[in-house]
Amino acid sequence: MSRTTTAWRRIRKLAWERDKKNNAVCHLCLQPIDYTLPPSSCESAWEPDHIMVFKDHPELELDLMNIAASHRRCNRARGSRNDIEVGRHSRIW
């Protein structure tokens with residue numbers, strides 16, 4: 001996947017606007033995202049996450065419905081794995 005294509009930048013922008021408007025929480029840890037930070041700028045900033053990972057589902061690369069809000073740290077920790085429970089807390093509260 002090329003992160004520099006016009007199509008990807010458009011989908012990323014649409015996802016950012018949707019998630020910011022809805023104040024979406026991270027779909028991986030269910031904690032709030034700081035939307036005052038520029039996207040992907042630090043560990044707690046918003047970053048788009050492919051729900052069905054691109055590695056296994058390249059046809060969903062530009063499907064807005066396959067993009068979920070996440071923290072940069074959560075998305076990077078998940079990587080390209082599909083073997084996680086979405087919405088599971090990282091520790092017992």
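Quick terms before the points: a residue is called buried here under 20% relative accessible area, exposed over 50%, and partly exposed in between (1.4 Å probe, protein chains only). By that cut-off tryptophan 16 is buried, because its relative accessible area is 16%.

1. **What we're looking at.** This is a predicted model, where local features need pLDDT of at least 70 and side-chain atom pairs count only at pLDDT 80 or more, while totals for chains, interfaces and linings use all residues. Residues are numbered from 1 along each chain as its sequence is written, and side-chain values use heavy atoms, with hydrogens and water left out.

2. **Overall layout.** The protein chain has two helices and two strands, in the order α-β-β-α along the sequence. Helices (H or I, at least four residues) and strands (E, at least two) are DSSP runs, numbered from the N terminus. Of the 93 residues, 35% count as buried. The chain exposes about 5,900 Å², with carbon and sulfur atoms supplying 56% of that; accessible areas come from the Shrake-Rupley method with a 1.4 Å probe, and for residues only the protein chains shown count as cover. Contact means heavy atoms within 4.5 Å. Among contacts in the protein chain with a separation of 6 or more, 64% come from residues 24 or more positions apart.

3. **Helix H1.** H1 has 16 residues and spans 22 Å from its first C-alpha to its last, close to the 22 Å expected at 1.5 Å a residue. That expected span is 1.5 Å times one less than the number of residues. The buried residues of H1 are Trp8, Ile11, Ala15, Trp16 and Asp19. They sit on the same side of H1, because they cover an arc of only 140° around the axis, the arc being that of the directions from the helix axis to the C-beta atoms. As background, an α-helix has 3.6 residues a turn, so residues three or four places apart point the same way. The face turned away from the buried side carries the exposed residues Thr6, Lys13 and Lys21. What covers the buried residues of H1 includes E1 and E2.

4. How many aromatic pairs does a search of the whole structure find? It finds two. Rings of Phe, Tyr and Trp (its six-membered ring) pair if their centres lie within 6.5 Å; planes under 30 degrees apart count as stacked, over 60 as edge-to-face and the rest as tilted. Tryptophan 16 and tyrosine 35 are a tilted pair, because their planes are at 50°, with ring centres 5.5 Å apart. That pair links distant parts of the chain, with tryptophan 16 in helix H1 (residues 6-21) and tyrosine 35 in the loop between H1 and E1, 19 residues apart. Both of these residues are buried. Tryptophan 16 also pairs edge-to-face with tryptophan 46, at 5.4 Å centre to centre and 65° between the planes. Here the link runs from helix H1 to strand E1, across 30 residues. Tryptophan 46 counts as buried because its relative accessibility is 0%. Trp16, Tyr35 and Trp46 form one aromatic cluster.

5. **The strand pair.** Strand E1 (residues 46-50) and E2 run antiparallel and are joined by five bridges; two strands pair if DSSP finds at least two bridges between them. For E2 (residues 67-71), five of its five residues are buried. Both faces are covered: Ile67, Ala69 and His71 are on one side, with Ala68 and Ser70 on the other.

6. **Asparagine 66.** Is this loop residue buried or exposed? Asparagine 66, in the loop between E1 and E2, is buried because its relative accessible area is 4%. Leaving aside neighbours within four places in sequence, asparagine 66 is in contact with Asp49, His50, Ile51, Met52 and Leu60.

7. **Positive phi.** Most residues other than glycine have a negative phi. Asparagine 23, which follows H1, has a positive phi near 50°, and asparagine 23 is exposed because its relative accessible area is 55%. Leucine 30 also has a positive phi, about 65°, and lies in the loop between H1 and E1. At 40% relative accessibility, leucine 30 counts as partly exposed.

8. **Serine 80.** Serine 80 is in the segment after helix H2 (72-78). Serine 80 counts as partly exposed because its relative accessibility is 38%. Its C-alpha is 8.9 Å from that of histidine 50, a residue 30 positions away in sequence. Leaving aside neighbours within four places in sequence, serine 80 is in contact with Val53 and Lys55.
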